[in-house]
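Morning, everyone. Please bring up the structure on your screens.

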Amino acid sequence: MPNNRLNGRPKMPQRTVQERIRDFDEVPLGLEKWAAIEEAKRCLQCKKPSCMKGCPVEIDIPGFIGLLAQGKIDEAVMKIKEKNSLPAICGRVCPQEEQCESLCVLGKKGQPIAVGYLERFLADYEREQGIDLPKMPTQNGKKVAIIGSGPAGLTCAGDCAKMGHKVTIFEALHSAGGVLIYGIPEFRLPKAIVAQEVDYVKSLGVELELSVVVGKTLTFDDLLQDGFEAFFIGTGAGLPHFMNLPGENLNGIYSANEFLTRSNLMKAFRFPEYDTPTKVGRRVSVIGGGNVAMDSARTALRLGAEEVCLVYRRTKKEMPARIEEIERAEEEGINCIILTNPVRFVGNENKWVTGIECIQMELGEPDESGRRRPIPVPGSEFVIPADTVVVAIGQGPNPLLLETLPELKLNKRGYIEADEVTGATSIPGVYAGGDIVTGAATVISAMGAGKKAARAIDDYLKNKS
Amino acid sequence: MVKIIKKEVLTPQIKLMVIDAPRVARHAKAGQFVIVRINEEGERIPLTIADFDSEKGTVTIIFQEVGKSTIQLGELNEGDHITDFVGPLGKEIEEKNFGHVVCVGGGVGIAPIYPKAKALKKLGNRITSIIGARSSDLLFWEDRMQSVSDALYVTTDDGSYGEKGFVTSVLDRVIQKEKIDLVIAVGPLMMMKMVSLLTKKYELPTLVSLNPIMVDGTGMCGCCRVTVGKECKFTCVDGPVFDGHSVDYDELLARQRNYLEEEKRAVENWLMKKAEEGVHHAK
């Protein structure tokens with residue numbers, strides 16, 4: 001048995017830097033069966049498990065780990081799937097270190113159980129063996145419309161179908177999965193896995209209509225006339241923020257959404273076999289410190305950039321990205337330029353970007369998010385040369401659907417006001433969840449919201465008739 | 001998947017297609033556009049809706065073959081299918097009685113100016129139309145424009161048809177002799193810039209319809225951003241129609257050139273691939 005353990009916890013096997021930085025294949029390779037079972041045996045099977053409190057979709061964590069420890073792999077998978085229809089995705093992109101694993105009792109003295117690795121192992125194992133369908137109730141004929149096929153929508157759709165409702169998902173893009181397809185790159189979440197999870201939801205009887213923009217192609221009234229009785233809005237936070245700095249519309253400056261969509265959804269990394277091009281110069285700067293910034297930087301590297309740097313206004317400690325992702329980015333040679341904030345973009349006579357003029361920052365008092373507020377150091381301006389710039393400073397709510405529903409109550413930031421427990425909005429029968437309610441957050445919290453809304457939709461439909 | 005139910009070759013490089021797309025047709029309004037993706041490998045290209053029939057459930061698109069995607073689209077025939085046809089997207093023009101509206105269409109921009117003229121004519125506006133192209137073989141829809149206009153002027157740059165010269169010189173003449181309430185211009189960016197510079201002198205309200213590079217067309221990526229006044233706008237959700245006097249045309253002209261090299265490469269690659277297939281067929 002190879003010794004790749006750290007305080008008992010296995011290390012995730014991953015591809016070497018040299019091997020991985022020139023292609024888009026997945027970086028972590030997943031645990032082997034023996035390693036997964038060994039790790040499962042380490043679980044204390046707490047009577048009052050605190051790990052579960054950290055799971056937005058309430059997975060019975062000790063339950064599935066206990067089954068895995070006994071080698072009952074199929075049962076372990078079913079245990080996860082009682083609560084989570086998309087384990088292969090969650091096992092990869094959930095920030096477990098901030099959720100279940102952060103609460104694991106073993107973590108107090110040593111290393112917590114690698115819950116995420118085990119979830120991923122089970123989901124992958126099941127996928128290789130072929131997926132069994134859960135027992136389905138007979139359809140009750142109530143029609144539910146799900147708007148958006150991202151993690152919130154897929155979860156809500158799957159759960160509503162399992163409750164016997166007739167579900168249709170409407171997706172604006174030509175591919176289902178939302179941010180899982182256009183946002184998260186192949187090397188972190190293979191698209192074949194997303195497609196398989198979408199197929200699973202479809203196999204539950206959910207219909208999927210692509211290239212339909214609700215609010216434009218079909219209005220809410222159209223859906224009502226078509227007999228839909230309940231609605232779930234999971235349209236995400238898809239409107240990219242820009243910095244509103246001089247020179248921001250120079251050629252070579254992308255929003256992270258555009259940069260990632262070109263590569264992930266449109267497969268620009270396979271241009272000209274695929275028609276959509278993308279431009280990556282020799283030197284690429286990515287502005288931001290979240291997961292989207294890491295994804296953009298690592299994508300730029302794989303598209304052939306020689307030097308990639310991240311420009312972030314606070315320090316590494318305040319970066320919202322997962323530590324694992326920051327580490328992988330740095331391993332791959334991405335340079336973090338911290339305590340630095342852009343003030344304007346510099347371009348040439350052909351209106352192509354040539355650099356970012358930045359100012360140095362220092363940390364002051366904590367702001368409302370609890371992170372220390374960055375303050376500019378007067379006179380410290382300098383230029384970072386760049387042929388390509390990716391702005392990854394966050395997203396806002398997409399106005400397309402919201403504009404057509406003036407009676408839908410929004411909060412001050414323009415997101416939908418929805419009940420935290422049920423997802424109910426100001427319009428009866430209309431529920432919402434995910435980033436369109438919370439602003440940009442995690443895949444798993446969106447799934448949690450989709451799940452809660454499904455329960456509320458079920459109650460609503462039962463009481464309605 | 002949508003089906004092409006009619007194809008017309010308007011000029012050697014400009015083609016018309018009537019698409020069976022009842023959902024798009026049902027809500028379509030003058031000024032809106034669709035996103036077209038020909039096949040699985042295709043890019044998402046925006047095309048302005050040139051006409052629509054809500055009852056028959058059809059949408060008409062007109063495009064000039066300028067890059068790989070439009071050349072490939074032009075090779076499709078009646079009965080063929082297009083993988084994605086999304087819309088109607090963008091905001092419609094304000095439909096009301098302005099009084100006297102001058103509609104200026106340049107080149108393939110004649111297609112998107114037509115539904116605007118048609119809609120405004122229906123509401124009782126007096127429509128003066130000025131359409132122009134580089135030469136006679138790039139002109140189309142003179143008859144249709146005639147049918148929705150009270151007066152129609154036609155120009156060609158080389159004088160091969162109609163009046164020799166640019167649409168702007170005719171527009172200048174119309175401005176001199178008539179009271180105008182609104183000018184709408186659609187065509188190449190340079191033309192819209194020149195029209196806007198001219199009408200600015202006379203402080204005539206002017207609308208232009210922009211056609212920048214897009215990816216999703218639903219506000220998600222910001223590829224189509226343009227400076228209007230001092231603000232950054234997304235053409236796909238805030239437009240495509242904007243106040244002509246506020247658009248930063250020079251910035252947009254540069255942004256249109258973003259992928260020139262790649263566009264050239266894509267066409268070469270496509271022609272080579274087709275030539276190879278041709279050789280195989282010959283064998």
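Leaving aside its neighbours within four places in sequence, which residues is S135(B) in contact with? They are T156(B), D158(B) and S160(B). Contact here means heavy atoms within 4.5 Å.

Before going on, a word on the model. This is a predicted model, where local features need pLDDT of at least 70, side-chain atom pairs count only at pLDDT 80 or more, and totals for chains, interfaces and linings use all residues. Residues are numbered from 1 along each chain as its sequence is written, chains are lettered from A and ligands numbered from 1 in the order in which they are written, and side-chain values use heavy atoms, with hydrogens and water left out.

Back to S135(B). Where is it? S135(B) sits in the loop between β9 (126–133) and α4 (142–147) of chain B. Helices (H or I, at least four residues) and strands (E, at least two) are DSSP runs, numbered from the N terminus. Is S135(B) buried or exposed? S135(B) is buried, because its relative accessible area is 14%. The cut-offs: buried is under 20% relative accessible area, exposed is over 50%, and partly exposed is in between, with a 1.4 Å probe and protein chains only.

Now chain B as a whole. Chain B has nine helices and 16 strands. Buried residues make up 58% of its 283 residues. Take contacts in chain B between residues at least 6 apart in sequence: 65% of them join residues at least 24 apart. The C-alpha atoms of chain B fill a box of roughly 65 × 40 × 40 Å along the principal axes.

Next, the cores. A nonpolar core is a set of buried Ala, Val, Leu, Ile, Met, Phe, Trp, Tyr and Cys residues joined through side-chain atoms within 4.5 Å. The largest one has 78 residues, and I61(A), F64(A) and I457(A) are among those that touch the most other members. Helix α17 (residues 443–464) of chain A gives this core its largest share, nine residues. Beyond four places in sequence, the contacts of I457(A) include V144(A), C156(A) and Y431(A). There is also a second, separate core of 32 residues, including V101(B) and F140(B).

Q395(A) lies in strand β17 (residues 395–396). Q395(A) is buried, because its relative accessible area is 16%. Not counting residues up to four places away in sequence, Q395(A) touches H241(A), N257(A) and Y415(A), among others.

That's my tour. Thanks.
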